[in-house]
Amino acid sequence: MKQVRIGGQAVLEGIMMRGPKSYSLAVRKPDGEIAVEVTPYQSFSERKKLNKIPVVRGVINFIESLCIGIKTLMNSSDYFADEEEQDKDTAKEKQNSTEVKEEKKEKEANEEKETKVEKEAKAEKEEGKGYLIWTLLFSLTFAIGLFVLLPSFLAGLLQKATGIQWVANLTEGILRLLIFLVYVWAISKVEDIRRTFMYHGAEHKTINCLEAGDDLTPENVLSHTRFHKRCGTSFVFIVMIISILVFMFVHTEVMWIRLLSRLLLIPVIAGLSYEVLQYAGRHENACSRIMSAPGLWVQRLTTKEPDASMAEVAIRAVEEVIDVQEYLECVRNHSFEK
């Protein structure tokens with residue numbers, strides 16, 4: 001088989017894994033069962049032969065990863081909405097079991113009541129999904145404002161005060177890095193986010209276990225490091241470094257043009273950052289280690305040590321998108337197709 005690069009993402013009480021022809025979503029439901037969804041998928045860049053064009057493929061991959069990530073995050077939340085609905089149905093059944101249904105009129109009344117409860121539950125589920133969509137939109141807007149526009153605005157004020165372009169651009173980059181680090185550190189203290197970061201660690205450990213050629217068992221997975229060079233955290237950090245270099249060449253004293261240029265250059269910076277991340281992930285030399293070091297350090301904040309149950313979820317997710325045994329044999333025998 002050909003060597004492929006498995007990637008993933010932590011979601012609500014679960015993990016999404018993306019393989020060469022599909023992506024899977026594995027979620028640990030409140031009752032302890034692992035629910036799995038598999039969606040056939042082929043990258044747009046591969047279908048249109050754009051995967052060989054540097055930077056362009058990075059932009060496409062960034063957009064696709066964002067769309068798949070949001071979709072799987074919403075799907076993972078459905079399992080917990082369904083669980084709440086089931087709890088309501090169970091409580092309703094217990095209540096009905098104590099009632100005597102001898103008369104037809106009373107039976108019809110109960111059926112009507114059940115129909116009403118089902119409609120209310122469905123409405124609550126749709127309302128919850130709508131709330132999640134608005135929350136995600138707000139989060140994306142907030143992220144762009146906090147990490148892109150705010151540092152640029154503050155740096156623009158500094159430029160007006162000093163008249164020195166390169167100082168303002170360098171300050172903008174440093175502010176962006178500081179805001180990002182403080183933000184990640186702050187949210188890591190939230191219990192729900194901390195559990196998501198634990199699943200993030202399980203995702204990395206499972207991929208590292210697979211790429212090392214070890215059998216995918218919870219014990220083997222947990223023995224591997226929770227850090228990985230192709231992580232999205234590393235990508236975000238590289239984006240910030242690349243943005244400093246790119247914006248050093250963008251000179252303007254008009255504030256609205258400055259802010260607009262930051263937004264318009266996001267795809268370009270994402271594409272360049274993708275190429276750097278891929279190089280660092282595929283090579284093992286001094287240059288790749290220097291490129292990877294900052295992102296690996298930040299992963300100490302965005303990943304936490306998982307438990308065995310989380311490792312089981314990650315394993316299930318990987319098993320759905322790749323032939324694990326064949327892949328392991330190729331790793332051990334160094335027999336991947338060229």
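These notes go through the structure point by point, from the overall fold to single residues.

1. Basis of the notes. This is a predicted model, in which local features need pLDDT of at least 70 and side-chain atom pairs count only at pLDDT 80 or more, while totals for chains, interfaces and linings use all residues. Residues are numbered from 1 along each chain as its sequence is written, and side-chain values use heavy atoms, with hydrogens and water left out.

2. Overall make-up. The protein has 12 helices and 4 strands. Both kinds of element are DSSP runs numbered from the N terminus: helices are H or I with at least four residues, and strands are E with at least two. Of the 338 residues, 41% count as buried. Buried means under 20% relative accessible area, exposed means over 50%, and partly exposed lies in between, using a 1.4 Å probe and protein chains only. Among contacts with a separation of 6 or more, 70% join residues 24 or more positions apart; a contact means heavy atoms within 4.5 Å.

3. Nonpolar cores. A nonpolar core is a set of buried Ala, Val, Leu, Ile, Met, Phe, Trp, Tyr and Cys residues joined through side-chain atoms within 4.5 Å. The largest one has 30 residues, and Ile-6, Met-17, Leu-210, Leu-216 and Ile-322 have the most contacts inside it. Strand 2 (14-18), helix 5, helix 11 (308-319) and helix 12 each give two or more residues to this core. Helix 11 gives the most, with 7 residues. A second, separate core has 11 residues, including Phe-147, Val-184, Phe-237 and Val-298.

4. The cavity. Rolling a probe the size of a water molecule over the atoms shows where empty space is left. Here the work is done on a 1 Å grid over the protein atoms alone: a cavity is a set of points where a 1.4 Å probe fits but cannot get out, a pocket is an open set with protein on both sides within 12 Å along at least five of seven lines, and lining residues have an atom within 4 Å of a point. Grid points are joined across faces, edges and corners, and a volume is the space filled by probe spheres set on the points. The count is 1 cavity of 30 Å³ or more. The largest cavity holds about 40 Å³ of space. Tyr-23, Ser-24, Leu-25, Glu-37, Thr-39, Thr-72 and Asn-75 line the largest cavity. Strand 3 (22-28), strand 4 (34-40) and helix 2 each supply at least two residues of this lining, and strand 3 gives the most, with 3 residues.

5. Thr-72, one of the cavity-lining residues. Thr-72 lies in helix 2 (residues 56-97). It is classed as buried because its relative accessible area is 1%. A polar atom of the Thr-72 side chain lies 3.1 Å from the backbone oxygen of Gly-69. Leaving out residues up to four places away in sequence, Thr-72 touches Gln-9, Val-11, Met-16, Tyr-23 and Leu-25.

6. The second largest pocket. This pocket has a volume of about 280 Å³. Its lining includes Gln-3, Arg-5, Glu-211, Tyr-327 and His-334. Helix 12 (residues 324-333) gives the largest share of the lining, 3 residues. His-334, also in the lining, lies in the segment after helix 12. His-334 counts as exposed because its relative accessibility is 72%. His-334 has a positive phi of about 50° although it is not a glycine.

7. Another positive phi. Val-55 is not a glycine either, and its phi is positive at about 70°. Val-55 sits in the loop between helix 1 (44-47) and helix 2. With a relative accessible area of 25%, Val-55 is partly exposed.

8. Arg-195 is in helix 5 (residues 191-212), and its 26% relative accessibility makes it partly exposed. Beyond four places in sequence, Arg-195 touches Glu-13 and Met-310. The C-alpha atoms of Arg-195 and Thr-303 are 9.4 Å apart, although 108 residues separate them along the chain. Asp-214 is in the loop between helix 5 and helix 6 (218-222). Asp-214 is partly exposed, at 29% relative accessible area. With neighbours within four places left aside, Asp-214 is in contact with Cys-209, Asn-220, His-224, Leu-328 and Arg-332.

How values were computed
Polar contact = N/O pair within 3.5 Å; in protein donor to acceptor, adjacent residues only side chain to side chain.
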